[in-house]
Structures are given as structure tokens and as C-alpha cells.
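The exercises below ask for a careful reading of a model, each followed by a solution that goes step by step.

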Amino acid sequence: MPCRGNSGGIPHCFPQFGPGAIQQHGFARNMNWSVASSETVDGNPSVTLELKDGPYSRSMWDYSFQALFKVTLDNNTLSTELKVTNNDEKPFSFTTALHTYFRALVTGASVKGLKGCKTLNKVPDPKNPVEGHEERDVITFPGFVDCIYLETPEEIQLDNGLGDIITIKNTNWSDTVLWNPHLTMESCYTDFVCVENAKIGEVKLDPNQSWTALQHLALS
């Protein structure tokens, strides 16, 4: 049975980021993942979650797939690994993102490391984003923010406005999304910002091929 997507944690946008041919952000965040395995290595616990196709996913995206999501903790780092495998007899394409929510004071939060990147500002119209380039060294959240940054660095920094600097590193997540809903979520928008590792361009997988991307969140 599908469930309602959560506003918190790390919801998965798969097999579609944003609006498109199927429902907003796909179906992965609305489905139950199963525990595939868990272990502790050198005192660091990890768990691997698994999502496979079923009647709900196939009703909108008729492909056989496996998604494995491994989460590992140590003293000050949370690391994730997403692996998507095509188990079908035909190729498929997808876009994806980790819609990561960070506890923050929105009036004091800021992001560094995206200056010079091409931007797609979705605020005027999510289906027809406005192209531009980021000229700011420090990006803040003064109101409704919904912006895609393309071909971003492997490391950026978030100041959450609460005294913490969070380093966000990635491998194979080519893009970054900044989001805060402002008054569209009036009861809680002041308490978080989203800094999302994303793959906006389509990933194409032939049968039995896999795609893997890593994320590391660290207090620095």
C-alpha cells in the first residue's frame, strides 16, 4: 500500500524528480522499503533498505527494478549510497534526488560553494524554470526558494543558522537543489531548509545495468 510522503529526513525522488509524466517526485517516497541487511563495522552501524517494483509502481512506471539504499553512521558523519539496478528486459531512464531536510533557522541559514553554477529557478513556474547563473558566494533563504543548480561541485557547505556547519559531499550526484516552501508551509518553514543532491539529467540503464551515487553529510 502506498503511504504519504514525509516532510523530513531524506525522502527519495525516484524515478522522476519534480513534475512530469507521472506523479510529482515519483513513487519511491510513498512506498514501504524493506530491510535487506544491517551490520556494524569498526563500531559504525549501517542498514541497507530495498525497494522493488510492484503493482503500485507499475501502475505508473512499468519496469522491473531494484533500489538499494545504504545508510552508515559514525561519530559526526551520515553517509548514504543509492544503487539502482535495471531488472527488466528493456532499458529504462530515470531522474532522481535525495530530498534531504536539515534542521535550520531559515533566517540565518546559508549555502556556500555554488557560485558560477548554471541555475534553473522554478519559483515563477515549476514546469518552465528560468535559466541563469549563480553570482553569490553565500546563498540565503529570504523567501520561497526552489532552485536547481547544474553540474555542481562535489562538496558544498550549509550553515544551518543554529551554530552548525554541515559539509555535504557527493559522488555521482551531478546537481544540487535548494528548497524552502516559505508561507506555503507556514507552520514549519522557519525550522528547516532542503539541500538536495540530485540527478536532473536522465540516467539510462540497459537490462542488468546499475547506477550508484554516494552522499556524505558531516559536521565540520
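**Exercise 1.** Locate Asp 206 in the chain, and decide whether Asp 206 is buried, partly exposed or exposed.

*Solution.* Asp 206 lies in the loop between strand 16 and strand 17 (210-219), where strands are DSSP runs of E with at least two residues, numbered from the N terminus. The model is predicted, so that local features need pLDDT of at least 70, side-chain atom pairs count only at pLDDT 80 or more, and totals for chains, interfaces and linings use all residues. Residues are numbered from 1 along each chain as its sequence is written, and side-chain values use heavy atoms, with hydrogens and water left out. With a relative accessible area of 41%, Asp 206 is partly exposed (buried means under 20%, exposed over 50%, partly exposed in between, with a 1.4 Å probe and protein chains only). Leaving aside residues up to four places away in sequence, Asp 206 touches Asn 86 and Pro 91, a contact being heavy atoms within 4.5 Å.

**Exercise 2.** Determine which strands are joined to strand 6 by bridges, and why strand 6 is largely enclosed.

*Solution.* Strand 1 (residues 12-13) runs antiparallel to strand 6 and is joined to it by 2 bridges, pairing requiring at least two DSSP bridges; here Cys 13 has Ala 97 of strand 6 as its bridge partner. Strand 16 (residues 192-205) is likewise antiparallel to strand 6, with 6 bridges between them, and Phe 94 stands opposite Val 203 in strand 16. Finally, strand 6 (residues 92-98) is largely enclosed by the rest of the structure because 6 of its 7 residues are buried.

How values were computed: Helices (H or I, at least four residues) and strands (E, at least two) are DSSP runs, numbered from the N terminus.
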